[in-house]
Amino acid sequence: MSNIAVIGTGYVGLSSGACFAHLGHVVTCVDVVQLKIDNLNKGILPIVETGLEELVAEGVAAGKLIFTTDVVSAVKNADVVFLCVPTPEGADGSADLSYIQTAARTLSPLLRSGAIVVNKSTVPVGSTKVVERELKRPDVSVVSNPEFLREGSAIQDFLHPDRVVVGSDNQEAAIAVGALYEKVGAPVVVTDPASAETIKYAANAFLATKISYINAVAAICEGVGADINDVVLGLGYDKRIGHEFLRPGPGWGGSCFPKDTKAMVKIAQDAGYDFGLLKGVITVNDQQYGRIVDKIRTAAGGTLKGKKIASWGLTFKALTDDLRDSPAVEIITRLLADGASVSVFDPTVTVAPKGLDAITVCSSPLEACAGADVIAVLTEWDDFRWVSPVEAAGAVSVKQIVDARNLLDRSEWRRAGFEYQGIGR
Ligand code: UDX
């Protein structure tokens, strides 16, 4: 059992802190926002994450999970301090390390000798050295321990990881960080910092590549009359390919893939390599938003001007409330720019987000359908699976549906009289 401090209580920090407490460690989570800490101490979470509320309640009740704004008390006895602060995209596409650097400078005088500082946030290759330079504490080790948490399944991914990756020039420190995960029983890859940081970016870039690849194959399927669902089934049985991350859709979004793919291109460029393949993956993704808008325009009779579109979904994927870089937001922005009006239902959205004030936020999928010329399924919430096509047919003004997630039963919607357009079929 170790004494852990976590700096930052966002998606990564809060999930990691609660899981470390669940694994038996004593964890103090620090944030600079007093309201966030006050709410956490009342069991009010700033994010939607399956299973997190229960883990936070369990940790607080057991006295193993503490929330505070007082970084001094949090780190003074800490064996390990995890940096879980934002690393947003910088102007030139590289990751902005200012939060990490500020955190390291703040921590430097507070850490006990022999403590370990861990980069958990996604940071460019070489960032361990950046933290060492800011710390100026040769008696403190810096370790890279990248996260592989998906929003909506972060608790599952933390407690049942495929692997733990730890990178440090001090192997003893690397092993000590790996030991924190002992109870999860996953393979621990112990390597140098540059390799650990590269694993993280290479993993996200590869996952984004898989998705762009299948979206491209789906476009080809539409041209040759193949069914992408069967193509993915046939591809995935090949163990070298697998079925995961081959779901066609409106493109990948969220707070990671868009940022991390651009950062990887910049990391490569700074390393003297032109990562054309990954640039192509990003281009395919940008084009995918346009392909969905084109499908909706076609379904609306060739023009969006004056048409009413019902958007089912606003978040970047189901099981999260995160709108950051959501493909649905980008697509709706383009629909509005082309003169359409858009009504939206998303189970996690009650008010129009900044920049999308023109949309009408509805409280049910059917309410969003009222008078619509086209229904567009943009996020794969289960709520949409259970909507009756017959009831939807009674609500819309034109029976047209673009299912950008291949979520619905095509034959059922066609039987209810809808023109159905999916992706790649
Ligand atoms: C991702 C990585 O999966 C995770 O390992 C890393 O730590 C953080 O970034 P996340 O961005 O939360 O996680 O979500 P993910 O489930 O990877 O989905 C990313 C985007 O790809 C979403 O827009 C999703 O809708 C899309 N996607 C995913 C597809 O379009 N098809 C798929 O098959 C899978």
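Q: Is the crossing of helix 9 and helix 10 left-handed or right-handed?
A: In this predicted model, helices are DSSP runs of H or I with at least four residues, numbered from the N terminus. A crossing is left-handed if the near helix is turned anticlockwise from the far one by less than a right angle, and right-handed if clockwise. For helix 9 and helix 10, the crossing is right-handed.

Q: Which residues make the contact between helix 9 and helix 10?
A: Contact means heavy atoms within 4.5 Å. Helix 9 contributes Ile214, Val217, Ala218 and Cys221, and helix 10 contributes Ile228, Val231, Val232 and Leu235.

Q: At roughly what angle do the axes of helix 9 and helix 10 cross?
A: Axes are lines fitted to C-alpha atoms, for helices over the stretch in contact, with angles from 0 to 180 degrees between N-to-C directions. The axes of helix 9 (residues 193-224) and helix 10 (residues 228-236) come within 10 Å, and the crossing angle is roughly 130 degrees.

Q: Where is Asp325 found, and is it buried or partly exposed?
A: Asp325 lies in the loop between strand 9 and helix 13, a strand being a DSSP run of E with at least two residues. Buried means under 20% relative accessible area, exposed over 50% and partly exposed in between (1.4 Å probe, protein chains only). Because its relative accessibility is 48%, Asp325 counts as partly exposed.

Q: What is the phi of Leu319?
A: Most residues other than glycine have a negative phi. Leu319, in the loop between strand 9 (308-312) and helix 13 (327-337), has a positive phi, near 65 degrees.

Note on methods: Residues are numbered from 1 along each chain as its sequence is written. This is a predicted model: local features need pLDDT of at least 70, side-chain atom pairs count only at pLDDT 80 or more; totals for chains, interfaces and linings use all residues. Side-chain values use heavy atoms; hydrogens and water are left out.
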